[in-house]
Each structure stands twice: as structure tokens, then as C-alpha cells.
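Have the model open as you read.

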Amino acid sequence: MGFVILVFVNTELFTANVFVLILTTFARKTSIFDLLRNLVLSYIMNLAGSLFMAGFLCWWTNTLNTAALQNFAVAQAEARVNVQWSVNFLRGVGCNWLVGLAIFLSIAAKDKVSKIYAIWIPIWTFVALGYQHCIANFFLVPIGMFYGTNFGVGKFIYQSVIPVTLGDMVAGAVLDGFLIWLLYGKKITKKNPDEIC
């Protein structure tokens with residue numbers, strides 16, 4: 001739902017921007033400075049928004065008001081952090097390859113219903129496979145931490161934030177942005193920049 005909304009209202013998602021900005025930078029539609037500025041700002045603002053929503057929608061409003069819901073939140077957070085660093089990195093790679101694919105397919109789709117289906121299939125695939133999305137983790141892991149996970153902020157950053165973010169960046173930049181530029185670069189370079197995004 002969140003991914004469909006952000007595509008329709010044209011907001012910024014860091015993981016999608018890695019793909020789009022790498023692609024447009026290779027196509028010489030954006031500069032390296034545009035790329036870096038966008039990625040840094042979208043990452044920081046996505047983090048802030050995720051933490052606010054985790055606190056506001058779940059913690060302060062007491063949405064998870066049963067032991068079962070709270071235990072589920074804790075279990076989800078622990079499953080995302082208490083794994084090997086390399087596993088989280090590779091889960092990040094798998095995730096953002098599919099996120100980039102969802103963006104690419106949504107750009108190719110002409111009407112809103114087609115865009116929803118084009119987004120839904122890759123996104124639910126990464127969710128079903130248990131891949132890791134750094135921005136989703138900024139929302140899901142803190143919720144579990146609010147209710148008592150067996151790790152603290154330091155382990156969350158080292159074991160989840162760093163490897164998942166790096167994996168998301170590798171996939172978005174290489175498996176999506178660079179490879180799609182190799183396949184379609186000449187067509188993209190000739191188009192108006194407004195038609196790309």
C-alpha cells in the first residue's frame with residue numbers, strides 16, 4: 001500500500017531513488033551532485049518519517065494493545081537483526097532488485113490499475129521471501145524495540161541498518177540502474193527527462 005501511494009503521489013523513497021537516480025545519472029539527465037544530494041536527503045527523511053510513524057502509529061497510540069501483537073512485533077524485529085551480517089546484506093540485495101523492478105514496471109504501465117499490479121507482484125515477492133528493506137526496517141524494528149527486543153540500538157545499526165542499506169544500494173545501483181541503462185540507455189538518453197520518472 002505504501003509503495004503504491006508513494007508512486008502515485010510522486011514522493012521520495014531512498015531505495016527506489018538509488019535505481020532511478022543511478023539510471024538518470026548514467027543517462028546524463030542528472031548530475032553526480034543531484035544523485036548524492038537526493039540519496040542523502042531521502043535516506044535521512046525516510047528514517048525520520050519511519051521513526052515518527054513507528055512511534056505515532058504504534059507506540060503512542062497503543063495500537064498494538066495485546067500481548068500477541070506486541071510479541072509478534074518483537075519477533076519480527078529480532079528476526080531482522082539477529083542474523084549474520086552477510087545474510088542481511090544479501091537480503092538487502094534481493095529486496096532492492098525487486099523494488100527497482102517494481103519501479104521500472106510501474107513506469108512502463110500506462111494506467112493506475114496496471115501500475116498497482118506492476119508494483120504489487122515484485123513487492124510481495126520480496127516480502128514473501130523475507131528480504132530486507134532498509135526503510136521498512138526503520139519502521140518495523142523500532143516497533144519491536146519499543147516492546148522489548150533482546151538487542152539495543154548499536155546492534156540494530158551494525159547488524160541491520162548498515163548491511164541492509166549497503167545491499168539495497170548495490171542492487172539498486174548495479175542490478176537495476178546500471179543493467180537497465182545498458183539495455184535501454186540509448187532510448188532513455190534521447191527522451192525528455194520528464195518522461196523518465
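## The cysteines

Does C134 count as buried or exposed? C134 counts as buried, because its relative accessibility is 2%; the cut-offs are under 20% relative accessible area for buried, over 50% for exposed and partly exposed in between, with a 1.4 Å probe and protein chains only. C95 also counts as buried, because its relative accessibility is 0%.

As for disulfides (a pair of cysteine sulfur atoms within 2.5 Å), searching the whole structure turns up zero. C95 is in none, and its nearest cysteine sulfur, that of C134, sits 7.8 Å away. C134 is likewise in no disulfide, with the sulfur of C95 as its nearest cysteine sulfur.

## Helix 6

Helices here are DSSP runs of H or I with at least four residues, numbered from the N terminus. Helix 6 covers residues 112–129, and its 18 residues should span 26 Å at 1.5 Å a residue; the expected span is 1.5 Å times one less than the number of residues. The end C-alpha atoms are 26 Å apart, so the two values agree.

At the start of this helix, a side-chain oxygen of D111 comes to within 3.2 Å of the backbone nitrogen of V113. After helix 6 comes G130, with a positive phi near 80°.

## What helix 6 packs against

The buried residues of helix 6 are K115, A118, I119, P122, I123 and F126. They pack against helix 1 (2–9) and helix 5 (85–108), with contact taken as heavy atoms within 4.5 Å.

## About the model

This is a predicted model: local features need pLDDT of at least 70, side-chain atom pairs count only at pLDDT 80 or more, and totals for chains, interfaces and linings use all residues. Residues are numbered from 1 along each chain as its sequence is written, and side-chain values use heavy atoms, leaving out hydrogens and water.

Note on methods. Helix = DSSP H or I, 4+ residues; strand = E, 2+ residues; numbered from the N terminus. Polar contact = N/O pair within 3.5 Å; in protein donor to acceptor, adjacent residues only side chain to side chain.
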